[in-house]
Structure formats: structure tokens, C-alpha cells
Amino acid sequence: MDVDFDTKALDLMDYAAWKQRADAAKVAFVPFGGGPYYGYEVGVIDAMHDLGIVPDAMLPGCVGNFVALFYLMALVEGGAPTAYIDRFSKAGLMAEKDYLKAPLPPLFPMRVAAWMRGFTQYYTSPQAYQDLFAPELFPDVLKAGMDYLLHPTDRNLGVLTRNFCVWHPMMRFMMGGYYFAPIGPFGELYDPQNPEGWIDPAVNWGSVYSKQAPLYLMSLLEVGQPRVSLATNCIDHPDFAPLDGRRLASASNLPWLIGETKINDTWYRESAVRDVATLSPAALDALPSLEVLICVQIMHSNDTGTLSLDKGNHDNYALQVTEMIATIGDDDIAQAQNHLARQGREVEWIVIEAQPDAKPHWTHENITQCRQAGYQMAMRQFLANPRLRPYMTKLDSPQPLTAWPRRPSRPVPPLSLVEASRLAAE
């Protein structure tokens, strides 16, 4: 078993138990990530908990990998569902007034030699010149250009810039090294000297691999390859790699999108950075009985936002790494829906979409604000969805009507007692 933690004292889920759970899985939680917008995912977890919805599988991406893994651990251990996530937020977030004054996150120039070697290796390989011309991508440039002309926001400018960079042959050539060369040494997350304590809170692998744990399917992108591979919480899966700290780091890249991790002499990175499906066909095929997908999508490209460049370096940095992939989840959903349709599978999609007034700030204030909005939107959609009704074990409890958040500060109207009761009765 190729993992970076000690397995001797752990009773880990084997393939027989994993396959039995996968064949019977009905509800999946899909937090697509989105960096400082992960509060929406936490709000959805709050709503699932209040209604007694327990996902059978989790298919996360980006920072959603941490959110989903900490949520999984809490479910197995019987604690508050966001206990680990709250500790993660407490350790990693700042007060907004301090955050806006902080400088850009530092790079690591002492590793520039490894970065240069990666670029050299890339441009001396056939991969650098493969599929250089991509005229089929030009319609995306036209659409993004029209969106920006009609709604000239920073968000739409970011989407236009991304589409142009991906389409233009010379930009594809010049940025190929960025996408495919192993430049992770600039912002590598994983600490090989401390494989079990590199993230706070530390991962409890005994819980992650417990036979009672929901399935966890995480996508990785091998540097230089256009397709994803999967890792999961199973010790001997014939097709998917085992989940461990190295793979968790390379699939998350928190907080730098250039973060990569070396596993068995091969570099891996997050698939969302390349706009490659996080919710992959292989993951869907592994869950043949799936009925409901609860997805947290981070902003559709047509949304108009209020992000601006007038609040200092952090916003400028956030625009570089957030606006360029502001449509996290939309391509995944479209590709997954097409895949399921070709197979004749009918799966219910519940999509909670981040609102355009969210901020790209790693702050307590922003996460709380996003969490409140995510909770309200999730409660509305959950209570109004008949396909999800059989999986609400607390539907008769009054708790969902009074639980978090009690003081919504977002432009999302609160779920009133009358409205919640009406939705529950329908």
C-alpha cells in the first residue's frame, strides 16, 4: 500500500467493504472548492446536519478536499460536523482589518533551480508542442468578450483573460510551462519530514479509512498529462490510488495554485487549475446507484461581481488566482451531466452557487458571511426537493427552523418558520 502514514495499528477499509458501500451509495456531497469561498461548503454541511442528511460519498476539489475530509472525520467520530473545519479556520484565517494590510504571500526563491529544471524538461519534450493550435476554443473567447462588454466587471475580465490565454497559440505555448512543468517547489504544501502533521488539524487516517466512513474520491492531475487520476480511502482498490497526505496536498494547492507534490518521482497537481473535471466520469461510474448530487459551485461566469482592485495587494493577488478560475464547478457539472445522460442514468442535481458579492479574502468575516448564505440557500433547496426527502432523518425536528445562521448578514432573505414549514409539508 503506497501511503505516507503508518498503517500497522489501523483497521483500514479494504476493497470488498469499499465496493459494497460504493454500489449502494445514494447521496454524494461535491464541494468544488473555491479558496476563500469555502464558507459556502460549510453552510451546506450545517444544513445537511440540521436535516439529518448524511452523504454516502464525497467528491471534492481544491480546498473542498480539506473541508470534505474534516467533515468525514467528524461523521465517523460522532462529533460536531464542522468541529475540525472550525479548527482549520481558526488556525488559517485572519481578521479582515489585518488581512487587508498584509503583504503578498512569499515565494520560495531557494527552490528556483528545481523550477528551472522543470521548465527545461517541459520545453524539450513533445508535450510542449502537442495540440498547440486550438481554434475550437475561440468561441469561448467571443462569448467571454461579449459578457465583459455587457457587464464590464473584474470577474468577467478575468474570465475573458483566462479564455484568451488558453485559446491563443502563443499564449498556450508560453504558458505550457506554467500548466505542465513541475513548478510546485515555489509553493509546495506537503512537508515530507512531517507527513502526518503538515496540516492543522492533523488528519486522522484511522477515521478516514474506517469501514463506516463515507467514500472519498479525489482527483489528481499528473503534470504533463491532460487527464485526471483518482485517489480514494481504500487500501487495495484495483483502479484508484490510496488517499494520503501527499495526494491530499497535490489535489488542493492551498493557498497557492502553483503548488504541486512529488509522488514516486512524478509530480501531481490540482485538476481544477487546468479546468479538468474534478467530478470525473470514473468517479461517477464507481457509484452506480447514485440518486442525488449536492454540489457547491463557485460562481458561474455570467455572474457579475463586486470584486475590485482598490483594496490593496491581497485583492490583486486574489484576482490573479480566483478570477482566472472563477467558474469552478460549472464545467464539471456540464461534463458530468452529459456523461450520465449518455448512460441513461437519472441523477438529481442540487447546486448551491456562491453569490457574486463574496470576497476573495481568507478572513473570519468572509467565511462567516459565506457560511450564512450557503446555509440559507441549501435549506431552501433541500426542503423543496422531493428526491432528497427520503434521506432527511430529522425532517420532523424543529431544529432546522432555528439553527445556524440566526442573523443572516447576506442579501439572501432568511428562511422563515412559515416558509420552512410550508416547504417541509409539500
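The face of helix α1 that is turned away from its buried side carries A16 and Q20, both exposed, where exposed means over 50% relative accessible area, buried under 20% and partly exposed in between, with a 1.4 Å probe and protein chains only. The model is a predicted one, in which local features need pLDDT of at least 70 and side-chain atom pairs count only at pLDDT 80 or more, whereas totals for chains, interfaces and linings use all residues. Residues are numbered from 1 along each chain as its sequence is written, and side-chain values use heavy atoms, with hydrogens and water left out.

**Exercise 1.** Determine which residues of helix α1 are buried, and how they are arranged about its axis.

*Solution.* Begin with the extent of the helix: α1 covers residues 15-24, and its buried residues are A17, W18 and A22. Seen down the axis, these buried residues fall within an arc of 130 degrees, so they line one face of α1; the arc is that of the directions from the helix axis to the C-beta atoms. Helices (H or I, at least four residues) and strands (E, at least two) are DSSP runs, numbered from the N terminus.

**Exercise 2.** Compare the span of helix α7 with the expected value, and then describe its buried and exposed residues.

*Solution.* Helix α7, residues 138-150, has 13 residues and reaches 19 Å from its first C-alpha to its last, close to the 18 Å expected at 1.5 Å a residue; the expected span is 1.5 Å times one less than the number of residues. Next, V141, A144, G145 and D147 are buried in α7, and the buried residues of this helix line one face, because they fall within an arc of 160 degrees seen down its axis. On the other side of α7, L149 and L150 are exposed, and L149 has a relative accessible area of 64%.

**Exercise 3.** Work out which strands pair with β3, and in which sense.

*Solution.* Strand β3 comprises residues 215-222, and seven of its eight residues are buried. Two strands pair if DSSP finds at least two bridges between them. Strand β2 (residues 57-58) runs parallel to β3 and is joined to it by two bridges, with M58 opposite Y216 of β3. Strand β4 (residues 228-232) pairs with β3 in the antiparallel sense over five bridges, and here S219 stands opposite L230. Strand β7 (residues 266-269) is likewise antiparallel to β3, over two bridges, and R269 is the bridge partner of L221.
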